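I opened the notebook to look up a few places in this structure. Here is the entry.

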Amino acid sequence: MSDPIQYRVEDGLAFLTMDAPPVNSLGQAMRAALLDGLQQAEADDNVDAIVLGSSQRVFCGGADISEFGSPRFLAEPDLFGLLNTIEAASKPVIAAINGFALGGGLELALACDYRFAAPTARLGLPEVNLGLIPGAGGTQRLPRLASVPKALDMITSGKPIDAADALAHGIVDAVAGPDEDFAAAVTAYARTLSSEDAPVRSCNDIDIDPATVPDGFFDDFRAGIARKTQGYPAPEAAIQAIEAAVGQPFAEGLAREQALFFELGETPQARALQHLFFAERGSRKIPGLDPKTARRDINTVGIVGAGTMGAGIAMCFANAGIPVTLVEISDQALERGLGRIRADYDGRVERGRLDADQRDRTVALIEGTTDFQALSHVDLVIEAVFEDLAIKIELFEKLDGVARTGAILATNTSYQDVDRIAAATNRPRDVVGLHFFSPANIMRLLEVVRGAHTADDVLLTALDLGIRLKKVPVVSGVCHGFIGNRMLEPYSREAARLLLEGATPAQVDAALTSFGFAMGIFAVMDLAGIDVFWMARQGRQDTFADDPGYGAIGDALYELGRYGQKTGRGFYRYEGRDRSEDPEVVELAAKIAGKLGIEQREISEQEIIERCVYPLIDEGARILEEGIAYRSGDIDLVWVNGYGFPAWRGGPMQYADEIGARTVLDGMRKYRDSLGDYGQRWFQPSALLQELATDGGRFSR
Ligand code: NAD
């Protein structure tokens, strides 16, 4: 392996330049090289000051998280000790922050005596996103150099700040001019310090006077972030670590930080968030597919259908700077779609999220037409018309005749068979599913549906495109509902069944939100539309003909015209945005239960959670067995990013790994045996779940 540090001395300055692509991560080799370099410079009488910089576009991306949980993470020199050594150096060390300084990378800079930043540099401590706090002095140095409020904000939010903000808060000492050559500027800065005999500095010498922190300040801050951070222990630990920086010696604060850091490392939340971090990085690796395969160019896009999804997808591309041709069936439908798009951007301008110029430039990228021929020049067409296989097949036949050779033809279908749609063309290799979620310009998930004939380059182009659109792309094979909606089926089926057994919608939703779901399932159904779920059941009656209660409550609401929020009534009643319980729904459920001979009873919160979540996990297991998803992490990404599963639980499969396949299997069997015919019908565990329970195995490998 090449040396992760370049070392040179020039006119009294030692330059320690980190040189480990792509992000100078602080693995053991880098730490050892930094220590060597520092010692060499300290021992060299010709060196007056040390400039610690980077040959990469970033300054330093932080700890090497592939070392987490391995002995290499703490192998000497560990980061905590190394930074204390840098801080104790007898010669001034100047951090030359040319780009991102994140996590351990910023902690490294904070341990230096002086910090000089490029105007484009960004500085942050994003450890909370991995369920941790900074563990190499960040919680102690940042409040000392900046302020307690600034440190609290940066560390509990994990959000990076820009160089100007860092300068304003004393986190950096100087920033290069916008047109200055950074290397020359930092060298000049170091020379000035050196010629002025600038002293070494240490956070050890800075005390935060408790009198500067108003009474109740920490508790107010806690209360302010409580709702957003529910379920996550790291923000609270960050607050406690920063509290320990106030009125206490530096060494004591560091010790408190270390203790909290190691405690957090052992929490299921940290495991869950790190699992998602790696899942996101791994989701574009497709087994058997060469990642170097040349991609197709996507510079222009056509979208067919300007309804809810088509309009959202158009915004998504325009936001990424990609021109869109939006095709509708009539002028009226087109105007409606374009009007919706304009209203969305206008709303953003009104809320101060976008300036009027940006809006105009973005909206100008979307051109509407009713002329299908306008699609003849685009690189990618996405179909977002009604969810009806016959209509989609007819449309793809037409597209085949219009689209240019080599264009990718994508469908946004939620449930239909992508292979049958592809077979309507003479180029099934060019067909792929691009399943966006509503609202498409906001939701991060993108299911990329790989058909039986989808070409490798088409699949890889679709995945890259997902990243360009700032989405989390996940590959799914072809099956009814793909990964996400297929798993939604058992989850929502159980919720609906629980109503017949005596639970109320509000009780079920409360149990699910207390588990950590962003919304309860009945609130979700009311939002998406009870008619949409009713539609999804049509044509599939044979799959649940042996369960007379299946979909019964949804069907009854549908027949009453209670479609959810859009009609003011669904599982709940709505007055504007306010939701309230509706005794009529409870009565309706009791009536259906009576007809079907289902006994109503008190149902515990624990039962609600197990009944909804275990079948969800088991469906995930079947999806893995069938090869519809490549990895359990892909399923987790789908459910966390598309369905509101709590990220701090890591997704359904990670949750199963955490509680153990044995627990899930025992739960499935318990309900199989206690719920009569219904249990026998729906709670038969998958082979994979049984196998993992027997072997003590995990879904995640
Ligand atoms: P929608 O009813 O809001 O919009 C469909 C639009 O397609 C209408 O404006 C209609 O005029 C237009 N259209 C129909 N046939 C056309 C044709 N031949 N040429 C041009 N335009 C045509 O529906 P939607 O909710 O936007 O759903 C569109 C697709 O996206 C469906 O396949 C749906 O399953 C899928 N989807 C929907 C959601 C959701 O939450 N709404 C989420 C993911 C995927």
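Which residues does threonine 413 touch, not counting residues up to four places away in sequence? I am working on a predicted model here. I listed the contacts and got Glu383, Glu387, Lys392, Val418, Ile421, His435 and Phe482.

**Threonine 413**

I looked up where this residue sits. Threonine 413 is in the loop that runs between β14 (408-411) and α17 (418-423). The relative accessible area of threonine 413 is 2%. Buried means under 20%, so I log threonine 413 as buried.

Next I looked at its side chain. A polar atom of the threonine 413 side chain lies 2.9 Å from the backbone nitrogen of glutamine 416. The side chain of threonine 413 also reaches the backbone nitrogen of tyrosine 415, at 3.3 Å.

**Domains**

I went on to the chain as a whole. The protein chain is divided into domain 1 (5-265), domain 2 (301-481), domain 3 (483-603) and domain 4 (604-701).

**Domain 2 against domain 4**

I took the C-alpha centres and found them 32 Å apart. On contacts, 13 residues of domain 2 meet eight residues of domain 4. The area buried between the two domains is about 940 Å². Carbon and sulfur atoms give 65% of that area. I asked which residues of domain 2 lose the most area to domain 4. They are Leu445, Val474 and Val475, together 39% of what the domain 2 side buries.

I counted polar links as well. Between domain 2 and domain 4 I have zero salt bridges. Two residue pairs are in polar contact, both at pLDDT 80 or more.

Which strands supply the domain 2 side? β16 (445-449) and β17 (472-476) each give at least two residues of the side that touches domain 4. β17 has the largest share, with four residues. By type, the residues on this side of domain 2 divide into eight nonpolar, two polar and three charged.

**Helix α22**

My last stop was helix α22, residues 530-537. Which of its residues are buried? I noted Ile530, Asp531, Phe533, Ala536 and Arg537. I then looked for their packing partners. The buried residues of α22 pack against α19 (482-500), α21 (521-528) and α23 (552-559). I also checked the backbone just after α22. There, glycine 539 takes a positive phi of about 80°.

How values were computed
Residues numbered from 1 in each chain as written. Predicted model: local features only at pLDDT ≥ 70, side-chain atom pairs only at ≥ 80, totals over all residues. Heavy atoms only, no water. Domains from an automatic or database assignment. Contact = heavy atoms within 4.5 Å. Buried area = accessible area lost by both parts, 1.4 Å probe. Salt bridge = Lys/Arg side-chain N within 4 Å of Asp/Glu carboxyl O. Polar contact = N/O pair within 3.5 Å; in protein donor to acceptor, adjacent residues only side chain to side chain. Nonpolar A, V, L, I, M, F, W, Y, C, P; charged D, E, K, R; others polar. Buried < 20%, exposed > 50% of the residue type's maximum accessible area, 1.4 Å probe, protein only.
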